[in-house]
Amino acid sequence: MSLFRVSPFQREFIRFVLVTIFFYLNLNVFLLKFYSKKRFLVFTFCIAISFGLMVALPYLFTSGNFFSQNPAPMEMRNPAPPASMPLPPMDGREALPKFGPQNDGSYRQMIFASVVPFLFSFLSSFFIFRNEEKKELERSKAKAELLNLKYQLQPHFLFNILNPIYSLALLKSDDAPNGILKLSNVMRYVVQESSKDFVDLSKEIEYIKDYIALQLIRTDSSLDFNYTEIGDLKKLKIAPFILINFIENAFKYSFNAEENSKISVKIIVQEGILNFLVYNKIVNKKGNEEHSLKVGLKNTFEHLAQVYADGHTVTINENHEEYEVDLKINLN
């Protein structure tokens, strides 16, 4: 005899299918459309209907008598009376077949057989839903924090680059038009790319070059500046504005017209790993130097932690005269 023709197996198989359907229905419809929107009455009604169907359908599809625990074969349900047996007196009413459980135990057995798989399906889908809800909340929080860090960095950056342009305008320098063009490029990049999670590395480097060009306009021969770029920048992406703060600080604290100063910037890309090195002498010491450095670098480090987590390393070597940053980011 085939296993699929055995009623108990059929009931369990149908119940398994219903449990699976309910799992996905609860996860993707009931919890999402009703529970998360606090429509608890509709949600409860859907759960109750689902449980009722899970109790009834296995017996409906596997038994001729809907609620009969052990239905008799068709030929045995209404056997013909022997010829010698007298017929019962008729009082004008025909005897109707019973429809329902033979005893209360049938109901209890049907419900008990469905309670455990139904609860397992409901609780597992509920826990998965809450876990995804928690992860989504954490992602939204992280994205909001990251956006806040971006907005903290950009005004600081824009205020710094306006100073050299203003100085050129006062001096009526021939470099002023070129400075304004560079400033236009920088501001266009800030406006267009600030809302993006990742940008082309080549665009980010061009943006950094424009910023460096703006800063070099106001310097003189007392600054020894060196820029090195090695590797292919194409087809790689990086979080925007994650490198600029180190260069800002280098120019802010490493240029003094009365002293010889030095800044070195190296960008090396190899097998998807970006090695960003910035070195500068500290010759421009101010009272708020330490606080400003801490605030700017704190934002940058938080930015790195939000975006790259374990995908980056940063080493800082500093003393009273020198400051060096060695940042490695896995852009793969």
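Biologist: Why is Tyr308 called buried?

Modeller: Tyr308 has a relative accessible area of 11%. Buried means under 20% relative accessible area, exposed over 50%, and partly exposed in between, with a 1.4 Å probe and protein chains only; Tyr308 is therefore buried. This is a predicted model, in which local features need pLDDT of at least 70, side-chain atom pairs count only at pLDDT 80 or more, and totals for chains, interfaces and linings use all residues. Residues are numbered from 1 along each chain as its sequence is written, and side-chain values use heavy atoms, with hydrogens and water left out.

Biologist: Why does Phe198 count as partly exposed?

Modeller: Its relative accessibility is 41%, so Phe198 counts as partly exposed.

Biologist: What makes Tyr207 and Phe241 an edge-to-face aromatic pair?

Modeller: Their rings lie 5.5 Å centre to centre, with 90° between the planes. Rings of Phe, Tyr and Trp (its six-membered ring) pair if their centres lie within 6.5 Å; planes under 30 degrees apart count as stacked, over 60 as edge-to-face and the rest as tilted. The Tyr207–Phe241 pair is accordingly edge-to-face. It links distant parts of the chain, 34 residues apart: Tyr207 is in helix H6 (residues 201-217), and Phe241 in the loop between strand E3 (237-238) and helix H7 (244-254). Helices (H or I, at least four residues) and strands (E, at least two) are DSSP runs, numbered from the N terminus.

Biologist: How do you know that Tyr207 and Phe241 are buried?

Modeller: Tyr207 has a relative accessible area of 2%, so Tyr207 is buried. Phe241 is buried because its relative accessible area is 2%.
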